[in-house]
Amino acid sequence: MAAADLPMLLTFAVIVATITLYALELYSIEAVSLGSLVCFILIFTIFPQQSGNQEFGVSELLAGFANPALITVLALLVIGQALFQTDALEQPVQFVLRHTRNRKRLAILAILIVAGAISALMNNTPVVVMFLPVLAAIAAAQGKSASTLLMPLSFIAILGGMTTLIGSSTNLLVADVAKRTAGITLEFFTFTPLGLILAAIGSVYVIVIMPRLLKPRKTMAEEMQEGTGKQFIAQIAIDFNHPLVGARSVAGLFPDLKNMTVRLVQRGEEPFLPPFENVVLQAGDTVIVAATRSALSHALSQRQSIIGKKVHDTTEPEEESQQPSTGISLSEAVVAPGSRFISRSISHINLRSQTGLIVLGIQRRSRMPRMAMTDMRLEAGDVLLLTGQRPDIERLRSNRDLLLMDWSTDEVPLRRYAGRAHLIFFTMVAMAASGLVPIVTASLLGCAGMLAAHCLNVRQALRAVDSRIFMLIGTSLAAGKALEMTGGAGAIADMMVALLEDQSPAMMLSIMFLVVSILTNILSNNATAVLFTPIAVEIATRMGVPVEAFVVCLIFAANCSFATPIGYQTNLIVMGPGHYRFIDFMRAGMPLVLVIWISFSIIAPWYYGF
């Protein structure tokens, strides 16, 4: 072994070890990525590499952390968080659900098919950006984990993108290199028939089989917020300008109080108990309801809030408890054993003057009393649903009477800013899809627009940035650069050329597809495409077979970036919102790579007449 080959072998060893540790999940992605990056830095510090007259060093390895692809993904995560904070997708989601009522799978199937079709006509990255929040919101509305739907969205978009010349940047890149090296011109629909066959086969796997391989994943925050589905007792005080004035019971229920169960209507000294027959709500009534945290949060965030008008926890003036302003959060706190609040009512503990927080509801695990919330005497273990400014909620950590439940704090959606969020989001997608500006520019403009329009604040934006993705992309780009500079990428290509000698054209196509499809999941797909396009042209020329077949093979193989999150940008986009781990992509994506490879190996020789 020559001493010059040592950096290349060490680079291979680090890459293999990194991918293995990612898959085993013994350590966090951030820790493994940092360790891998340190190893690359040590290799190039001990064995300096030259690129022309310039030495390749640490600055080149770290350049990946300023890569436009990384900046794009992080900006898109912030934009997605803004859509969530404003609940901007509630209306389109409800529209889809209304038109697919009792056919839940139809709504998801329709979105996936439309996303795949659009991906054939425009770059698939903005397609995923556009449909991801809608699909995630539909999953939440149907009680499903987003992790079972978002990876299929990414894969369907990639499959749709491989059917036309402009479907992905990889296709355009391969076509450009092929034209410059061999004079081969690929038209818009040159490989569409074969691409449609492969995409159809892959889509069957993605829609039918893949959801069974994906584990439902939720963040700890979601699990805590979702809780057990138990309900809180809350009360609604109706004044003269309240939106519920004149609301009438229908069949014993109040349709205006969606997802809430009315337990009592108190009118002066007269109580109305279920079933409610022809009861019309009037100013001065107090309505006692049982509702989940989600239902209360939804009601609180409406433009005309039905519970934000009067939220009583003390004898404070009613005017001060108006609809919440920007930055209002919800959180849960447990009445501690030995608390001074035990056996005292909400009206008497004066919580609002002490903490600045309002009690929105009470959850009692033993029973649900039929009385006004403000008259309930607290017991140890009662859960209070609190609303107020986040700093006030954080100060509860030092409170000995109430135990703040970690991970339970969440912002109330700012629905009055939903229109702004819609405008900014669709403007960004249109700019990126039209090619008017690069997608990195469009995403940064969209990110800045969301902040400027108060659709979210800086803290929420920073919280949306996923450290796993940041380290994963930066380290993978460093690995690709290291492999290129040490000659590792060229060695793989040379070995492949030697391996394919004396093989039939059909076998050559199959082996090339397999090798490229593996490498595209380790290096970037664009780097793999640039590296292997001249090799594919040379092999086809030597054998005297149509060069187009090998170039198209390279396009399809380079698009098979399903097995790792670093394989393609759309995988990284869905990784954070779907709460995926590295192993999830391997488990669900590797079979798809094999399916496309086997299908291509069977169909392509027949299609090209080998």
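Helix α10 bends by about 40° at Ile207, and a proline, Pro211, follows within four residues. This description rests on a predicted model. The helix comprises 22 residues, 192-213, which at 1.5 Å a residue should span 32 Å; the end C-alpha atoms of α10 are 29 Å apart, which agrees. Its buried residues are Thr192, Leu194, Gly195, Leu198, Ala199, Gly202, Ser203, Tyr205, Val206 and Met210. Among the elements that cover these buried residues are α8, α23 (547-558) and α25 (582-608).

Helix α8 runs over residues 150-161 and has 12 residues. From its first C-alpha to its last it reaches 17 Å, close to the 16 Å expected at 1.5 Å a residue. How many of its residues are buried? The count is 12 of 12, and α8 is thus described as mostly covered.

Of its 610 residues, 53% count as buried. Among the contacts in the chain with a separation of 6 or more, 78% are accounted for by residues 24 or more positions apart.

Because 6 of its 6 residues are buried, β6 is largely enclosed by the rest of the structure. In a regular strand the side chains alternate between the two faces of the sheet. In β6 both faces are covered: Thr286, Ile288 and Ala290 are buried on one side, and Val287, Val289 and Ala291 are buried on the other.

Which strands pair with β6? Strand β3, residues 232-237, runs antiparallel to β6 and is joined to it by 6 bridges. Within this pairing, Ile233 stands opposite Ala290 of β6. Strand β4, residues 260-267, also pairs with β6 in the antiparallel sense, over 6 bridges. Here Val265 stands opposite Val287, and Leu264 has Ile288 as its bridge partner.

Strand β4 continues the pattern of pairing with β5, residues 270-272, to which 3 bridges join it in an antiparallel arrangement. Val265, which faces Val287 in β6, has Phe272 as its bridge partner in β5. β4 and β5 form a hairpin with 2 residues between them. In the turn of this hairpin, Gly268 has a positive phi of about 65°.

The model contains 9 aromatic pairs. In one of them, Phe65 and Phe470 lie 5.2 Å apart, centre to centre, with 45° between their planes, and the pair is tilted. Phe65 lies in the loop between α3 (58-62) and α4 (68-86), and Phe470 lies in helix α19 (residues 467-485), so the pair ties together parts that are 405 residues apart in sequence. Phe470, at 30% relative accessibility, counts as partly exposed. Elsewhere, ring pairs link Phe191, Phe513, Phe556 and Phe600 into a cluster.

Two individual residues complete the picture. Thr18 is found in helix α1, residues 6-24, and is buried, with a relative accessible area of 9%. A polar atom of the Thr18 side chain lies 2.7 Å from the backbone oxygen of Val14. When residues up to four places away in sequence are not counted, Thr18 touches Val32 and Ser36.

The second residue, Gln569, lies in helix α24, residues 569-578. Gln569 is buried, with a relative accessible area of 17%. How far apart are Gln569 and Leu70 in sequence and in space? They are separated by 499 residues in sequence, while their C-alpha atoms are 8.6 Å apart in space.

Terms used: Residues numbered from 1 in each chain as written. Predicted model: local features only at pLDDT ≥ 70, side-chain atom pairs only at ≥ 80, totals over all residues. Heavy atoms only, no water. Expected span 1.5 Å × (residues − 1). Buried < 20%, exposed > 50% of the residue type's maximum accessible area, 1.4 Å probe, protein only. Bend = angle between axes of the 7 residues up to and from the residue. Contact = heavy atoms within 4.5 Å. Pairing = 2+ DSSP bridges. Phe/Tyr/Trp six-rings, centres within 6.5 Å; stacked < 30°, edge-to-face > 60°. Polar contact = N/O pair within 3.5 Å; in protein donor to acceptor, adjacent residues only side chain to side chain.
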